[in-house]
Amino acid sequence: MSTYVYGITAGSHPSLPEGMDGVGEPAREVRIIKEGDLAAVVSDAPEGLRPKRRDLLAHQNVLSETGAGGPVLPMRFGSVSPDDAAVTAVLAERADHFKERLQALADKVEYNVKATHDEEAVLHRVMSENPEVRALTEANRSAGGGSYDDKLRLGEMVVAAVKRREVEDAAEIQRALEPAAAAISVGPESTGWLANLSFLVEREAGDEFAAAVEEVRKAHPHLDLRVHGPLPPYSFVEPGPAQHAEPAQAHN
C-alpha cells in the first residue's frame, strides 16, 4: 500500500498523540517512520484521495499537532510515496537537506499575500499619473466621445498604463514587506493576481508583519491585499525559489 506523507521532523521529535487520525474515509491512523536522525509523519494513503474539506483539515491538523512539539517540514496535501521503504530511502538520500531546512524553518511560519487592483481606484491613479492619457480622454470627451480610432488608442494606452502599474505595485509590495520577513518565495503567476508572494516570518513576529501589511494598504488604497496565515512554511521546504530578504533592506 502507498504511503501518505504529512511532514518530516527530527528523529528526536516528541511522539504524536496515540490514535491520531489522518486523511481518508475511514480516517487512516497516523504513524512515524524513522531513518537515522530524521522521521516522517505518515499514514496509509487512501485510494482516490481528493482535496475535500475534511481531508484538508485532517492534513492541517496532523501538521499542527506535530508542529506543537518542534520544527516540522510540511508536505503539501496529496504527497504520496510508493511505500514506507521509499520514504526511508528519501530520508536517507536527502538527510543533509532536510536537517538544514529543519534548522532554517524552526519557529517560523508562512504568510501568503496576494494582491489585485481596485479597478476604479487604479484607473483614477493611471489618469493622474499619465498626462497623455488624461489629455486624450479630455479630447475624446470634447469631441462627443471621439472617433473609433481615438477610442481604441485610448483603450490601448490605459491597458498599457495599468500593466505598468501592476509591475510597479508588485515590486512595491515586496519591497515594503520584505524587511519583516526572513525569506520570500514568489508564487507562480496566475490570472487575476498582480502579486502572489509568500513570506517566511518568525512565529513571534506575526503582529509586526500584519502591521506592515496595514501600512501598505494605507499607502496604496488602489490595492486589494489578501493575507493568508500563519501557515506551515510550505513554500520554503525546498530552498530553490526562496529569496533571503536581508539584502533588500539596504534599499530602505
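This is a predicted model: local features need pLDDT of at least 70, side-chain atom pairs count only at pLDDT 80 or more; totals for chains, interfaces and linings use all residues.
Helix α3 has two exposed residues, Asp 96 and Gln 103, on the face turned away from its buried side.

**Helix α3**

Which residues of α3 are buried? They are Ala 95, His 97, Phe 98, Arg 101 and Leu 102. Seen down the helix axis, these buried residues fall within an arc of 160°, so they line one face of α3. An α-helix has 3.6 residues a turn, so residues three or four places apart point the same way. The cover over the buried residues of α3 includes strands β1 (3-10), β3 (38-44) and β4 (73-74), together with helix α2 (84-93).

**The nonpolar cores**

In soluble globular proteins, nonpolar side chains tend to be buried together. Here the largest nonpolar core has 20 residues. Those with the most contacts inside this core are Ile 173, Leu 177, Leu 194, Ala 195, Phe 199, Phe 209 and Leu 225. Which elements each supply at least two residues of this core? They are β6 (108-117), α6 (148-177), β8 (195-202), α7 (206-219) and β9 (223-231).

A second, separate core has 18 residues, including Leu 38, Val 42, Leu 102 and Leu 200. Leu 102 is also one of the buried residues of α3.

Now take a closer look at Ala 195. Leaving aside residues up to four places away in sequence, Ala 195 touches Val 113, Lys 114, Ala 115, Ala 170 and Ile 173.

| Pocket | Volume | Lining | Makeup of the lining |
|---|---|---|---|
| Largest | about 450 Å³ | 21 residues | 12 nonpolar, 6 polar, 3 charged |

Which lining residues lie nearest the centre of the largest pocket? They are Glu 166, Gly 192, Trp 193, Leu 194 and Ala 195. Helix α6 gives the most to the lining of the largest pocket, with 6 residues. α4 (119-129), α6 and β8 each supply at least two residues of this lining.

Two or more lining residues come from each of α1 (53-67), α3 (95-104), β6 and β9. Helix α1 gives the largest share of this lining, 4 residues.

Helix α3 thus returns at the end: its buried residues line one face of the helix, and α3 also gives two or more residues to the lining of the second largest pocket.

Conventions:
Residues are numbered from 1 along each chain as its sequence is written. Side-chain values use heavy atoms; hydrogens and water are left out. A nonpolar core is a set of buried Ala, Val, Leu, Ile, Met, Phe, Trp, Tyr and Cys residues joined through side-chain atoms within 4.5 Å. Buried means under 20% relative accessible area, exposed over 50%, partly exposed in between (1.4 Å probe, protein chains only). Contact means heavy atoms within 4.5 Å. On a 1 Å grid over the protein atoms alone, a cavity is a set of points where a 1.4 Å probe fits but cannot get out, and a pocket is an open set with protein on both sides within 12 Å along at least five of seven lines; lining residues have an atom within 4 Å of a point. Grid points are joined across faces, edges and corners, and a volume is the space filled by probe spheres set on the points. Ala, Val, Leu, Ile, Met, Phe, Trp, Tyr, Cys and Pro count as nonpolar, Asp, Glu, Lys and Arg as charged, and the others, Gly among them, as polar. The arc is that of the directions from the helix axis to the C-beta atoms.
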